[in-house]
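Morning, everyone. I have one chain to show you today. Let me put it on the screen.

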Amino acid sequence: MKLLLLGPQGSGKGTQAARIAAEYGLDKIETGQMLRDAIAASSELGRRVESLVHEGRLVPDDLMTELIEERLEGVEGFVLDGFPRTLGQARALDALLADLGKELDAVFFFDLPVEIARGRLLTRASDEGRADDTPEAIAQRLAEYHEKTEPVVEHYRTLGKLVPVHADRSVNEVFAEIQQALDQVAAR
Ligand code: AMP
């Protein structure tokens, strides 16, 4: 299965990505984590993206598209969290999969009011201490989401791929909702 998780930061995508990957035997691909690893390793990529990530700004599409193309090479089933975040990235992913004769099975949209997302991010900030969890960077990330990622949600809605999820529920309830939807995908 090839799955995308879309939704604001703080909507629980990362937690669900881990559960989905374990339950269905998929590769979990998290672009934010890939970038944080690159920054920690001080690689060339890490040095290029460090200040953008820490400020909560998006990394340019060409860099991200290259990264994801390499990461997807030879991968059969995946759950992708954090990509695509712009229409340009979405079109690049669609083209890449079309070239390979593949298509997405479902795009889950974690629907969560922005104020709840902000509250969750502020709580996580004190728990995890991520470098981009300052109030300024959180505000910037949510603004980027609204401006650049919401159009991606509409893109997949138009393509008939979007599966909305009630992201304000408990982890178990959200996972149950996802499993139900995936049972239907598997039965197709
Ligand atoms: P995340 O862990 O998904 O919250 O991502 C953390 C940060 O990594 C984001 O705020 C961006 O700075 C950067 N990032 C992750 N994925 C992407 C992407 N697909 N496009 C651009 N920037 C990204």
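A word on the source. This is a predicted model, where local features need pLDDT of at least 70, side-chain atom pairs count only at pLDDT 80 or more, and totals for chains, interfaces and linings use all residues. Residues are numbered from 1 along each chain as its sequence is written, and side-chain values use heavy atoms, with hydrogens and water left out.

Start with the fold. The chain has eight helices and five strands. Helices here are DSSP runs of H or I with at least four residues, strands are runs of E with at least two, and both are numbered from the N terminus. The order along the sequence is β-α-β-α-α-α-β-α-β-α-α-β-α.

Now the overall dimensions. The C-alpha trace spans about 45 × 35 × 30 Å along its principal axes. What about the radius of gyration? It is 16 Å, which agrees with the value near 16 Å for a compact globule of 188 residues. That radius is taken over C-alpha atoms, and the globule rule is 2.2 Å times the number of residues to the power 0.38.

Of the 188 residues, 45% are buried. Buried means under 20% relative accessible area, exposed means over 50%, and partly exposed is in between, with a 1.4 Å probe and protein chains only. A contact means heavy atoms within 4.5 Å. Among contacts with a separation of 6 or more, 74% join residues 24 or more positions apart.

Charges, briefly. There are 22 positive and 34 negative side chains, and the centres of the two sets lie 1 Å apart. Lys and Arg count as positive, Asp and Glu as negative; His and the chain ends are not counted. Each charge is placed at NZ of Lys, CZ of Arg, CG of Asp or CD of Glu.

On to the strands. Look at β1, residues 2-6. Five of its five residues are buried, so β1 is largely enclosed by the rest of the structure. Both faces are covered: Lys2, Leu4 and Leu6 on one side, Leu3 and Leu5 on the other.

Which strands pair with β1? Pairing requires at least two DSSP bridges between two strands. β3, residues 78-81, runs parallel to β1 over four bridges. There, Lys2 faces Phe78. β4, residues 106-111, is also parallel to β1, again with four bridges. In β4, Leu3 has Ala106 as its bridge partner, and Leu5 has Phe108.

Five of its six residues are buried. β4 pairs in parallel with β5, residues 162-166, over five bridges.

Now three residues. Glu30 sits in strand β2, residues 27-30. Buried or exposed? Glu30 is buried, at 18% relative accessible area. Leaving out residues up to four places away in sequence, Glu30 touches Gly14 and Asp81.

Second, Asp132. Asp132 is in the loop between α6 (114-128) and α7 (135-158). Its relative accessible area is 6%, so Asp132 counts as buried.

Last, Ala92, in helix α5, residues 87-99. Ala92 is partly exposed, at 23% relative accessibility. From Ala92 to Gln180 is 88 residues in sequence and 29 Å in space, C-alpha to C-alpha.

That is the tour. Questions, please.
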